[in-house]
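Hi,

Here is the structure I promised to pass on. Have a look at it first, and then read my notes below on what turned up in it.

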Amino acid sequence: MLSNKIDFAVVFSVKNANPNGDPLNGNRPRLNYDGYGEVSDVCLKRKIRNRLQDVGYSIFVQSDDRCDDGYKSLSERASGAAELKAAGKDRDAYAKAACEKWIDVRSFGQVFAFKGGKEKGVSVGVRGPVSIHSAISVCPVNIESMQITKSVNSETKEGKSSDTMGMKHTIEHGMYVTYGSINAQLADKTGFSDKDADVIKEALVSLFENDSSSARPDGSMEICKVIWWPHNCRSGQYSSAKVHRCLTVEPKVDLPKSAADYEIKVDSLAGLDVEIIEGR
C-alpha cells in the first residue's frame, strides 16, 4: 500500500547525443514548435522499465532486444502467464493478477485487449498510479547533423559494393526537465506500495545506466538531480502543479554548454518535505 501521494521531478543533461529520435522526421531529435528539445513520456517509461528489468523485476512491456522470457509479443506473454489463465474472464481477478506479476503494470497501467487465441474475449484496462510528463529542454537546442557512410558489403559478392550514405543527428547540449506524480488512490487499485515507490525513485536516479548506444554514447546523458516530494496525506497537501512550480532551472550564461551553466533551485512549501538526490 502507498501511504501518501508523491510528486517528483527529474533534471538531466544531454551532450552530443540524440535523446529521443523522431521516426517521422528522419530520426532527428524531437523538437516542439518553439525549438525546445523534447523527450516523450513513452521514451522515459521505456527507460524506467529497462532499469527495473535490470535489477530483476518482471516487466510486461519488454523491448524486443531485451526480452528475457522468450515471448515474442504482449499477447504471448499474457497467454503464457499461469496467474492470468487462472483468472479466466473475471476482469477484476485478471487485473489483480497482472498487477501482482508485473511491476510496470501496477505502476503505469496497461490495456489487455488481444485478437484471437486464448485471450479472445478478454478486454481489461488497468489505470496505473505513476504518471510522467514529456521532458522539455530549458533552452532551445541546436541540432547538429553529420553525414555518415557504410563502406562494407552487407552480402557476399564480387567486388566492393558502393558506399551507403546516411545521416546522424545529435544535440550539442541541452538541459531537460520532466515531472511526475504517484497517486495514492490509484495505487490502492493496483497494489502499488511504498516499496515500489522507492524502486521507481532508484530507477530515476540511475535512468541512463545500461542505456548507451551509437546515438547515446556512455556519458552523453546524465541525471543531474531527482527531486522527490512525499506528501503527508493521501490526497496531497498541495496540487501537483503547485508542487512542480517549486522547481526552477535557469541558465546562468547566455549560451549554456554544460550542466554547470544552470542554476537549479527548489523552493519550499509549508509542511511539505522534499528530498533532493544528486545524480550518480
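Let me start with the largest pocket, where helix α1 (residues 41-54) supplies the largest share of the lining, four residues. Helices here are DSSP runs of H or I with at least four residues, strands are E runs of at least two, and both are numbered from the N terminus. About 270 Å³ of space lies in this pocket. Its lining has 17 residues, and those closest to the centre are Arg 46, Lys 47, Asn 50, Asp 211 and Arg 216. By type, the lining divides into three nonpolar, eight polar and six charged residues. (Nonpolar covers Ala, Val, Leu, Ile, Met, Phe, Trp, Tyr, Cys and Pro; charged covers Asp, Glu, Lys and Arg; the others, Gly among them, count as polar.)

Before going on, two notes on the model. It is a predicted one, so local features need pLDDT of at least 70 and side-chain atom pairs count only at pLDDT 80 or more, while totals for chains, interfaces and linings use all residues. Residues are numbered from 1 along each chain as its sequence is written, and side-chain values use heavy atoms, with hydrogens and water left out.

How are pockets and cavities found? Rolling a probe the size of a water molecule over the atoms shows where empty space is left. On a 1 Å grid over the protein atoms alone, a cavity is a set of points where a 1.4 Å probe fits but cannot get out; a pocket is an open set with protein on both sides within 12 Å along at least five of seven lines; and lining residues have an atom within 4 Å of a point. Points are joined across faces, edges and corners, and a volume is the space filled by probe spheres set on them.

Back to Lys 47, which lies in helix α1. Is Lys 47 buried or exposed? It is buried, with a relative accessible area of 5%. (Buried means under 20% relative accessible area, exposed over 50%, and partly exposed in between, with a 1.4 Å probe and protein chains only.) Leaving aside neighbours within four places in sequence, Lys 47 is in contact (heavy atoms within 4.5 Å) with Pro 19, Leu 207, Phe 208, Asp 211 and Arg 216.

The search also finds one cavity of 30 Å³ or more, and about 30 Å³ of space lies in the largest cavity. It is lined by Trp 229, Cys 246, Asp 267, Ser 268, Leu 269, Leu 272 and Val 274. That makes five nonpolar, one polar and one charged.

Next, the nonpolar cores, meaning sets of buried Ala, Val, Leu, Ile, Met, Phe, Trp, Tyr and Cys residues joined through side-chain atoms within 4.5 Å. The largest has 39 residues, of which Phe 12, Ile 48 and Ile 182 touch the most other members. Among the elements that give two or more residues to this core are β1 (6-17), α1, β10 (164-182) and β11 (221-230). Another core, of 17 residues, lies apart from it and includes Tyr 94, Cys 99, Trp 102 and Phe 114.

What about disulfides (pairs of cysteine sulfur atoms within 2.5 Å)? A search of the whole structure finds zero. For Cys 139, the nearest cysteine sulfur is that of Cys 224, 13 Å away; Cys 139 is buried, at 18% relative accessible area. For Cys 246, the nearest is that of Cys 233, 15 Å away, and Cys 246 is buried too, at 6%.

Asn 16, in strand β1, has a positive phi near 50° and is partly exposed, at 41%. Asn 210, in the loop between α7 and β11, has a positive phi of about 60° and counts as exposed, at 58%.

Finally, the overall picture. The protein has eight helices and 14 strands, and 46% of its 280 residues count as buried. Its C-alpha trace spans about 60 × 60 × 30 Å along the principal axes. Of the contacts with a separation of 6 or more, 69% are between residues 24 or more positions apart.

Cheers

Definitions and conventions
Disulfide = S-S within 2.5 Å.
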